[in-house]
Amino acid sequence: MGKGRAALTTRGNVPRGPQSRVARLAMVAVPLCFFAIFFAYPVATILDRGLGRRGRHNIADLFTDGQLRSVLWFTLWQAVVSTLLTLAVGLPAARALARYRFTGKAIVRALVVVPFALPTVVIGGAINALIDRFGLDDGPVRLYHTTWAILLAHVIFNVAVIVRVVGGYWALLDDRVDESAQMLGASRWRVFVEIDLPRLRPAITAACAIVFLFCFTSFGVILLLGGPRQATIESEIWRYAVQRTDFHTAALLSAFQLGAVIAMVAAATLLERRIGRLTGHGRVAAPRRLSTSRERARAAASLAPTVVLVALPLASLVERSLVVRGGHGFDNYRALGSRQRASSTLLVPPIEAVRNSLLTATVATLIGLVVGGLAAGAIVYGRRAVARVLDIGLMLPLGTSAVTLGFGFLIALDEPPLDLRTSWILIPLAQALVAIPFVVRIVVPALRSIDDRLRDAATVLGASPQRVWRHVDWPVAARAASAAAAFAFAISLGEFGATSFLARPDAPTIPIAMFRLLSQPGAALRGMAMALAVILGALVMLATLVVERFRPRSSVSL
Amino acid sequence: MSAAGLEVETLRVGYDGKIALDGIDLAVRSKEIVSILGPSGCGKSTLLRAVAGLLRPDTGTVRWDGRDVTGAAPHTRGFGLMFQDHALFPHRSVGENIEFGLRMQQQPVDQRRRRVTEMLELVGLAAMGDRAIGTLSGGEAQRVALARSLAPAPQLLMLDEPFGSLDRGLRERLTTEVGELLRRVGVTAIHVTHDQDEAFAIADRVVVMHAGHIERIDTPLAIWRDPRTEFVARFLGHDNIVELPDRGRTLVRSDAIRIDETASTTDDGATLTGTVLAQRFHGGRYVTRATTSLGELVVDHARAIDRGTVIAIIIDPELLAPISS
């Protein structure tokens, strides 16, 4: 936040926002330039080149070619079904966490969020491990390479969004309104349908929009768990671009996906605004202790699907990483340091991936904090039109095809003045693009939560604008920024899609190394991948715990 | 034992390791209005929630017309409950709020519509059925909440601090109005409040609660005249509890004590000498604090008296009430 801090220092007499023209310009210009150079330009380039070339398919094929149509159809329906399943699993847990107090609640809350912060590759790996453990790929129930495995992974990955966004909102709703309905003769179920659902609608729609977006552009999960018949637009872009070198079709699919995502992001942003507007009437109910055994049983049943779905794969991941020939041990972890064991698929000992990951994640976090912090300033203090453009624009990288982004970087940034093709900085830059939306979402509500009267009070007490900033705005911003830093760190640690195009063979990050290890047959390689996943999970959990520690108290956001 | 109305027997509720209700016995007859009066935290709302079924008691029974409903779900009891902060459904109109309970009873549409109109007229909000909840004033919201809880014709209506969130003038007006309305409708009602004036204005009988148990059940007048315990006396706003040599601890009610500016200021059997400490003007009367040989006493008087003036205080021995320790 180094630059952001200087830029946000006020110089005028009005305590709200920076008055210096340089500061105001920097807040708007830096994020816009970053977005233009590292997102719009590469994406436009790849789309332009791709669409200009001749390929197997043209635009009409999107709607006529049977195979492409089935990809579009699968992408859509798996996203819809994944979202609905996630909602069904997450809603009861959201209610239990919002309404009740019980021992272990903090652990459940933290546990639920872990998969969301873990890269999709790890979730995929965890489900692989689960399938492995229970022998589900060759028994009567087959999960491996099925749609079920994909849906399951999406639920596990996204359930945190439902639990956190909807649960946070639910906790703000007055529970006496529910009790009134009950006293008027409504059964538990009717209270839920007639009273809770309508009141929760803004939170549910916003959360579902996010989940839908993640599932719609799912890549890592599809690549790891999907078979030939489970392809999303995203994974098809990858297949056309990488395996068939048909850039025209890849670009076509990319453009289509980007258009769909822009529409959905705009809708989600609008819906999310409504969340903020609708909160806060009536009394906020304090979570109640579970009193009767029936109530306890009901709460346990509400939490069970979420907890089991989240805990089981994580536990099996740990277990699989400890499996060695003839028992359990740390061989897989020890093997990470050797070059030979994985030489068929990796040029370096896998442990180097950990170092690479930590390094790139640190740089990506710094970039994300500077650009995201400035953007947050522009959104809070700047003109409404600018704020809206940044708000929606900075969300787009989340929903943009990783292939488009990765290839765009390689093609667009390979000639002077910006020749970065061989530079390792490409990876943190791409990861920062994904982390920035989260930084913005954490810092903006914190800055907005500062009561202007506090600034006025400080000014009246004789504080100069600089000191007002330092004593009023900065402590709040710094708290949010540290939470944002941990989030950005976790996200770039786990980023898989774009990184998979930019990582040099001799410098893989953890998710890349995992993917390579898993793509080759052999129990030893698989064991090492699991060990890497556990290390990554531990690193992310560390970052997540820091997020939990610094999370702004009243925020309803992620 | 089977009787019409509500019977609560040896009800006990523990909450977070503390005892919220300890052995409550209470009977409310059909069409009777009972006020439960007590300071915050005395367990009065907990008692209401236990009767409503929103809270499961540890031990004890709740019976309605002789039928045990202790384990019944709240929505099957046919009781109504109205909260202090109204708890209206924010996503439904005034009319839809009132209609909700009727829909739950699966009444036909035209019957529901008639009943909603009838209820709106009853609470003086005719033609406001289409209004959004957010546009209502505090008093209007209160009336809607009342209409909503009365619409399904509950066997027992419970009101939890119904006027707590209103300003004083409105509260007094609504208290009278609601009391009359409840009697006109002829509903059995339990009303919870921490305000003795409100309880006295509405109730046939008042239940005074203290620290999870019932201190006293009686008519408003009987309780006011003879509170019996110091807690009840203090809670009802009585100021003068003194130690009399021949009677022991005694309550001197405000109607039993007066200042006589014409009487001589010598201490004899009938009068008491005091020195004015302070006076507070309280709309038409002066609340006067004076020191006497019995301790500090509070006496209402019609005129202002200078501080330090020696006055004669007359106590009517017929109206004294003993206080048990």
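How many other C-beta atoms lie within 10 Å of B:D65, and is this residue buried or partly exposed? I looked this up before anything else.

**Ground rules**

I am working with a predicted model, where local features need pLDDT of at least 70, side-chain atom pairs count only at pLDDT 80 or more, and totals for chains, interfaces and linings use all residues. Residues are numbered from 1 along each chain as its sequence is written, while chains are lettered from A and ligands numbered from 1 in the order in which they are written.

**Entry on B:D65**

I counted 13 other C-beta atoms within 10 Å of B:D65, so B:D65 is partly exposed. My cut-offs: a residue with 20 or more other C-beta atoms within 10 Å of its own is buried, one with 12 or fewer is exposed, and one in between is partly exposed; the C-beta atoms are placed from the backbone. I found B:D65 in the loop between β4 (59-64) and β5 (67-68) of chain B. Helices (H or I, at least four residues) and strands (E, at least two) are DSSP runs, numbered from the N terminus. The phi of B:D65 is positive, about 50 degrees, although B:D65 is not a glycine.

**Entry on B:A87**

I then turned to B:A87, another residue other than glycine, with a positive phi near 50 degrees. B:A87 sits in the loop between β6 (79-82) and α2 (94-104) of chain B. Is B:A87 buried or exposed? I found 24 other C-beta atoms within 10 Å, so B:A87 is buried.

**Entry on α2 of chain B**

Next I followed the chain into α2(B). Eight of its 11 residues are buried, so the rest of the structure largely encloses this helix. I noted B:V94, B:G95, B:N97, B:I98, B:E99, B:F100, B:G101 and B:L102 as the buried ones. What do they pack against? I found α3 (109-122) and α4 (138-150) of chain B, together with α8 (175-183) of chain A. After α2(B) comes B:Q106, with a positive phi near 55 degrees.

**Entry on the contact between the chains**

I looked up how the two chains meet. Chain B gives 20 residues to the contact and chain A gives 21 residues. Two residues are in contact if their C-beta atoms, placed from the backbone, lie within 7 Å. On the side of chain B that touches chain A, β6 and α2 of chain B each supply at least two residues. I sorted the residues of that side into 12 nonpolar, five polar and three charged. Here Ala, Val, Leu, Ile, Met, Phe, Trp, Tyr, Cys and Pro count as nonpolar, Asp, Glu, Lys and Arg as charged, and the others, Gly among them, as polar.

**Entry on B:L182**

I picked B:L182 in helix α5 (residues 168-185) of chain B. B:L182 counts as buried because it has 20 C-beta neighbours inside 10 Å. Beyond its neighbours within four places in sequence, B:L182 is in contact with B:I33, B:V187 and B:A189. I also checked B:E32, 150 residues from B:L182 along the chain; their C-alpha atoms are separated by 9.6 Å.

**Entry on whole chains**

Last, I noted the totals. Chain B has eight helices and 18 strands. Its C-alpha atoms fill a box of roughly 80 × 45 × 35 Å, taken along the principal axes. Of its 325 residues, 40% are buried. Chain A has 24 helices and six strands. Of its 558 residues, 52% are buried. For contacts with a separation of 6 or more, residues 24 or more positions apart account for 63% in chain B and 82% in chain A.
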